[in-house]
Every structure is written in C-alpha cells, then in structure tokens.
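Good morning, colleagues. Please look at the model on the screen while I describe a few of its features.

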Amino acid sequence: MTTPQKPRGTQDMMGEQAARFDHVVETFNRVRKLYGFGRVEVPVFESTAVFARSLGETTDVVSKEMYSFEDRGGDSLTLRPEFTAGIARAYIENGWQQHAPMKLATWGPLFRYERPQKGRFRQFHQLDAEVLGAAEPAADVEVIALAAQLLAELGVDDRVVLQLNTLGDAETRAAWRDGLVAHFSAHLDVLSPESRERLAKNPLRILDSKAEGDKVLVADAPRIDAYMTAEAGAFFEALQKGLQASGVDFVRAEALVRGFDYYRHTAFEFVTDALGAQGTVIGGGRYDGLIGAMGGPETPAVGWAGGIERLAMLVAEPLTGSVVAVVSNGPEQDDLARDCLLKLRRAGIAAEMAYRGNAKRQIEVAKKRGSSAIVIVRGADADQPVHVQQLSDAADPSQLLAVLAGGAA
RNA sequence: GCGACCGUAGCUCAAUUGGUUAGAGCGCCGGUUUGUGGUACCGGAGGUUGCGGGUUCAAUCCCCGUCGGUCGCCCCA
C-alpha cells in the first residue's frame, strides 16, 4: 500500500456532504450582506508571531496545536488556526482604524494539529464575522443577531441554544479570577488532577470541567456578578436588552468563559447536543484587549466564528433536483437537443445533458440523479418535437415549454 | 499526548465454537424482457480478509506488533 493517502484529519467531500457545506456558505454570504458585513480576505498563513502573540501564554496551544514551518528564508510561518489574529494584524498593518467601525466577514480553511474526532478536523472550515473599532453593546447585539438569523435560515435554530455570559471589564475579570482561585484552592483535595493543573495556568477553565467532582465545586464557586463594576454591569444589561429587542433568545451561562486575558464583557456560544462532544457550532465574544496587545492602537472589537462542518451536519438534507435533464431521443436529434439545452441555460434554468447512453438509459439516470424534469427531444418531425416530463415541484413545465418554444438560441 | 472500539469486493455489510471453494445488496459491464420510459430476470468482472509476525492439523475469527479509521479524554484560539 504505497498509494498516497490524505493526511490525518483532512477530508474529501462530494455529493450530499459538499452540497450541505456549500449551502451553509451560501446562506452565510447572503445573511452577512443583509447586516452590512463586507468581505475581508486575509492570508491562509502568517508569521508565527501573529498567532503566538494573540495566543499569548497558553504554551500548549502554541507549541503543540499549530501547523508551523520554516520557509526557505528561514522565517517561521504558521497555517492560520483562527481568523481573528490575522484580521487584527491586517487592521494594524494597514491602518484600518481610519475606517472604524468596520463590519467584516470571511470564511475558509483553518488548521489545528489535533486528534480528529466527531466534528473535529486538522483542516476544518469556519465562517467568521467581526466588528472592529466599536465599544458599544449595539455591536455585540448586531453580531449575535447575525448569527441567530443565520442559524434560523439554515433551519437549525430549534436544535441550538444561545448561551450568554459576561466576563466583565478588565477590573471585574481580575477580581473574579482571584475569587475563583481562592475558592478552588480551599478545596484542593477534591479537585480533579486536571483542574489542579488549570488552577495555575487557566483557572477560569475549571468552570467547564467535565469531572463530576469538580461540578459540585463549580456549583458554589463565586459568581462574576458579585465582582461586576457598575460600567460592566451596565454593558451587560444593555446587551441583554438589545438582544430581547432583536428577538434573540438566550440563556445565561455563568460558567461560559474565555481563557485569554484580552477577552472582555460578552462571551457567547450557540450550542447543540446533537454533535457529541463538540457541541459548539458558533462561538464568539468581545476581545477589546487583543489589538492593543498585538502592538496596535487600543481597539474594541467583537466577533464570532462558526464551524462549517458542524453546521453542515445539522442542516437538513438540501433540496436537490433543481436541474432539468435534456434527453436526445437519438443521434439525429442531438443538435436540436443541444439547442434546447442552450435555451434553458440562457434563460437561467439549470440544465444538463448526458454525454453517453441511449435515451432510455439517460432517462433512468436522470430520475436516479433527482432531476426536476426531463425534456425529451424527439425531433422536428414528431407530433410533439419536445416532450416535458415533470419529476418534482421544483420544475414548472409550462415555463420550460415557453422557454423551449422561443426562437433558435 | 492518553484511552476504548473497529479494519472482509469500488461502497454498505454477512460468514455458526477456529473448519473445507469468504457471500449478499448497491454500483459497474454484457445480455434477455419491456417499449414514450423510475420494470423484471439471466450472466460477468471485481478479494493475498489493512500489513507483518505468532499459536494451531486448520485463522476473517485467538495472541503480539504496526499502519489506518471511529469515538472519547486533554486542549479548545
């Protein structure tokens, strides 16, 4: 077995799976335009420093989970593991602050060196929406409303719940963190080994520990609300009011946190229980500290990213059969059939004609492929030169006949 | 990095407790039937049972290793 195989954690897609993927991306592009989010393009690879800087002290992520390599000049480059850092880099480098506030969207492949499992790949794909240069809760509201409408239009909103939390401002966050450390340190004996590790590196993460023993401790851990400054409280209040006014349902998730210090205020995830251990389909929050931490001007920002593969798994099977099959009844009718094909396509109707096979075979194949209608071309001499057989509601026979009755294409 | 489970035809899966020539459906190719159309039937091609070793008279089946896959843990930007 020496034939090449795809790298672990990558995927080939065709047919229904690719159609679902495509449907998610198309829907996203349509909806983000509705909200006035322009397309942004950033490189698939960046200087390693771009991500190392944004991911900061979490050494595991930087050293073990990134696809990094040296180019021929000896520079360390990394395949992007997220969109936000690259967009922040572009914002700083190109002086986009002159355009603030910016509403940007993109989608594409991302790379993380992880063990593949359900809904987790090494090359995966995300949708991304960001608002840069806006400190107002209205930006958070709009970003979340965009996500909610996307999910609704994908028809998956009944299986997804919006979990919402606040991390407060920098002051709030620091105080809460200290409170949590104190609480868990007092119960070291019952804390799981993993969480004892987290206590030093990333105490907020203990809140979403899966260990049963930890859950008991988490239940009476101090709540962030007790540490909230007046400003942070007002921000969260405004966010919730804005969501209600936008018709977005949510539940408060007090244990929902972000590991990095540059996250402030809003944290949210759209979660489903239909995808095994990987329940988050869209996750986001406010990262007011990031652009400043990367050496740019202090810039408030909020955004989210959503897994295309995960969304595609939730989406109902997309409608197929919007293609009309043109069948030539014999070689003598091929030219006429080709003319029909041309007329349909120029009229904006998806149509195709088989490369080979007799009429009977072509009809069988067309039905099996789920064509919406079959146009059988019998020749100018026949009683009915062109016969239309409707196969699904997606086709309108009278419209097809009208198009085909037009002059030579 | 750790753990559990799984690798049989192009695809989805069978194969008694370890037993003789490893089967079926789908797909593909050919034929018959049908004859304005989603038919039925007949036939054919296609396998070193992931790979390597071991136990045994005998291994798809048991054991070890290896590679690959799935799911979970860790991590989750």
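Axes here are lines fitted to C-alpha atoms, for helices over the stretch in contact, and angles run from 0 to 180 degrees between N-to-C directions. The model is a predicted one, in which local features need pLDDT of at least 70, side-chain atom pairs count only at pLDDT 80 or more, and totals for chains, interfaces and linings use all residues. Residues are numbered from 1 along each chain as its sequence is written, chains are lettered from A and ligands numbered from 1 in the order in which they are written, and side-chain values use heavy atoms, with hydrogens and water left out.

I begin with a helix pair. The axes of helix 5 (residues 137–153) and helix 9 (residues 230–245) lie 9 Å apart, and the two pack at an angle of about 40 degrees. Helices are DSSP runs of H or I, at least four residues, numbered from the N terminus. From helix 5, P137, D140, V141 and I144 make contact with F235, A238, L239, G242 and L243 of helix 9, contact meaning heavy atoms within 4.5 Å.

Next, K201. This residue belongs to helix 7 (residues 193–201). K201 counts as exposed because its relative accessibility is 54%, the threshold being over 50% with a 1.4 Å probe and protein chains only. Its C-alpha atom is 16 Å from that of Y263, 62 residues apart along the chain.

Methods:
Buried means under 20% relative accessible area, exposed over 50%, partly exposed in between (1.4 Å probe, protein chains only).
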